[in-house]
Amino acid sequence: MNNEIQLSEKQEQEILDSWNSRPNNPPSLMELTSTAFPDAENVDGRSKEGRAVKAFLASRELKARGSHQYKAKGLLELTKDQKEYLEN
């Protein structure tokens with residue numbers, strides 16, 4: 001009795017297209033799972049669907065960021081008024 005979900009070629013292509021469309025900021029595992037299974041409810045990296053997506057990514061030597069992993073937002077650019085306020 002095998003309860004694993006197999007991705008269709010269309011789902012695999014949707015995952016790869018989503019991944020390749022954002023090379024500098026790849027989508028999270030949850031986003032990719034929602035892309036592959038748009039009609040499914042309550043899917044994440046722990047669900048059967050999420051594990052199928054994770055296994056597919058691993059077969060392509062890709063690793064999606066989990067929702068629990070920290071993601072830096074980058075530096076915040078200060079306005080002229082903010083810089084002036086800090087100087088005084």
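I started with the term: a salt bridge is a side-chain nitrogen of Lys or Arg within 4 Å of a carboxyl oxygen of Asp or Glu. This is a predicted model, where local features need pLDDT of at least 70, side-chain atom pairs count only at pLDDT 80 or more, and totals for chains, interfaces and linings use all residues. Residues are numbered from 1 along each chain as its sequence is written, and side-chain values use heavy atoms, with hydrogens and water left out.

**Salt bridges**

I searched the whole structure and found 2 salt bridges. One joins the side chains of E14 and K10, at 4.0 Å from N to O. I placed both in helix α1 (residues 9–20), 4 residues apart, about one turn of the helix; helices are DSSP runs of H or I, at least four residues, numbered from the N terminus. I then checked accessibility (buried under 20% relative accessible area, exposed over 50%, partly exposed in between, 1.4 Å probe, protein chains only). K10 is exposed at 61%, and E14 is partly exposed at 26%.

I also found E31 bridged to R22, with the closest N and O atoms 3.1 Å apart. E31 is partly exposed at 34%, and R22 is partly exposed at 29%.

**Helix packing**

I looked up how α1 meets helix α2 (residues 29–36): the angle is about 140 degrees and the axes are 9 Å apart. Axes are lines fitted to C-alpha atoms over the stretch in contact, and angles run from 0 to 180 degrees between N-to-C directions. Which residues of α1 and α2 make the contact? With contact meaning heavy atoms within 4.5 Å, I listed Q11, E14, I15, S18 and W19 of α1 and L32, T35 and A36 of α2.

Notes
Helices (H or I, at least four residues) and strands (E, at least two) are DSSP runs, numbered from the N terminus.
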